[in-house]
Amino acid sequence: MNVFSKVYENALSFIHLFILNSHDLCDEKIYKLQNKKLKKLMKRAYQIPLYRKKFEEAGLRPEDITCRADLAAFPVLTKQEIKDWLTPLLSDVSGKYHVFSTSGSTGTPLKVLVSPKENSYLTANWLRMAMKQGINPFFQKTMALKDPELVAQGSDSIIQKLGILRRRKLSFLADGKEIAEGLNQYEPDFFYAHRTKLLQMIEYAQKNNVKLHHPAAYAVISEMMLENDEKLFRQNLGDNIFTSYGCMETGACTYTIKGDLTRHIITNDTHIINVVDAHSKLAEKGRMLLTNLNFLDFPIINYDVGDDAEVFVENGVEYISQIHGRSNDWVELEDGRKYDYHPFYRAFEGEDDVLHFRVIQEDYHKIIIQLVGRPAMQKGKQGVIEQHVIQQLNKVIEDYDMDYMFDWRNSIEPDQNGKTRFIVSQIKH
């Protein structure tokens, strides 16, 4: 991107922020704007061979899809389809588009192409979410964990040197010590990071008696958060916590208001989130299909990101009550039964002395549970926790030949992408 493109993009971000922040996302009138954008998006999609084929397979035309309920009938978009479509184009559009990449936690990274104009919407939407938490992004300080390549690229822009949109970037590969020191030194008003990195930072702080700076607002992004995590974050970083859901492929598309994580507001002026059942019908509980309404060059429509959610309606507007984050692996028994993270989540509920855990299945009858305990945990408590967890797991995972082994550690190292999967399966198929 040249200097002109960057200036153009920044200017557009400010304009879009002003407009988006004026929208009432809790008023059902927001769907009128959503429908208008959706109609434009589907006309554009019809011009693209990938989507034209989907229209034809479903027996649909652009004019058949006028609202998100209609969109539920449109075929889903998969990660593999995005790879097959966009990977051959990456070298041809170099310099003209932002190339955003996933962390690659499920295999090879997935890359998408976003124009400067489209990226200005992503920026504006994220700044809007910060403003909804009482943050003034223009004059208050932000700290975030970013791709190491972005961190290495450089220094502040001219406007940041003037005290506008001040920010500090740390690598998402930074360890707990580096993050804690960065937080306390910079003292940001707004801080956001993956759950894994926040846990690493808190583990370091607790073991070294380091008191952490409490931001005016901080967000847990990208990874699913457990009940014990929330308690830990509140105790160490304060009650000004909020969450934002999204993915690299579509951008952030929900947020909660700090202090209350029970209601996820959907950014219906920039996205559509449809929760559908096994028959692709809109449902109160099911898988999430994501659509970015502003991506027109390389649209992402009805994208199956692999997450589930539960929704409810209030005054004509749909909200998300719970999001069940993606889980890359399963615990699998010899007879084919599979279990995701839920039995382990429940088994550790209320265990406040456990800061962090991960499940590693070595074979059909051996599971290693890595744990990080509080430094001040009472002597003998480890055995009590282990016994309780096994009792709870045996109620759900009915395999009494399963050997649960507990590995108490000082820390749990994240994967190469900076995140930590709940379940790692080493079973070969």
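Reader: Which classes of residue line the second largest pocket?

Author: Happy to start there. A pocket is an open set of points on a 1 Å grid over the protein atoms alone, with protein on both sides within 12 Å along at least five of seven lines, while a cavity is a set of points where a 1.4 Å probe fits but cannot get out; lining residues have an atom within 4 Å of a point. For classes, Ala, Val, Leu, Ile, Met, Phe, Trp, Tyr, Cys and Pro count as nonpolar, Asp, Glu, Lys and Arg as charged, and the others, Gly among them, as polar. Here the lining of the second largest pocket has six charged, five nonpolar and two polar residues.

Reader: Before we go on, what kind of model is this?

Author: It is a predicted model, where local features need pLDDT of at least 70, side-chain atom pairs count only at pLDDT 80 or more, and totals for chains, interfaces and linings use all residues. Residues are numbered from 1 along each chain as its sequence is written, and side-chain values use heavy atoms, with hydrogens and water left out.

Reader: How much space lies in that second largest pocket, and where does its lining come from?

Author: A volume is the space filled by probe spheres set on the points, with grid points joined across faces, edges and corners. For the second largest pocket this gives about 260 Å³. Its lining has 13 residues, and K40, Y121, L293, N294 and L296 lie nearest the centre. Helices (H or I, at least four residues) and strands (E, at least two) are DSSP runs, numbered from the N terminus. The elements giving two or more residues to this lining are α2 (30-45) and α6 (116-131), and α2 has the largest share, with five residues.

Reader: How many cavities of 30 Å³ or more are there?

Author: The count comes to three. The largest cavity holds about 100 Å³, and β16 (354-363) gives the most to its lining, with four residues. By class, that lining has six nonpolar, four charged and two polar residues. The second largest cavity has a volume of about 50 Å³, and here the largest share of the lining, five residues, comes from α11. Both linings include N228, D229, V354 and L355.

Reader: Now the rings. How many aromatic pairs are there?

Author: Rings of Phe, Tyr and Trp (its six-membered ring) pair if their centres lie within 6.5 Å; planes under 30 degrees apart count as stacked, over 60 as edge-to-face and the rest as tilted. That rule gives 13 aromatic pairs. Take Y46 and F55: their ring centres are 5.1 Å apart and their planes are at 80°, so this pair is edge-to-face.

Reader: Is F55 buried or exposed?

Author: Buried means under 20% relative accessible area, exposed over 50%, and partly exposed in between (1.4 Å probe, protein chains only). F55 counts as buried because its relative accessibility is 0%, and Y46, at 16%, counts as buried too.

Reader: What does the pair of Y97 and F298 tie together?

Author: Y97 lies in the loop between α5 (79-86) and β1 (98-101) and F298 in the loop between β11 and β12 (303-314), so the pair ties together parts that are 201 residues apart in sequence. Both Y97 and F298 are buried. Y46, Y51, F55, F74, W85, Y97 and F298 form one aromatic cluster.
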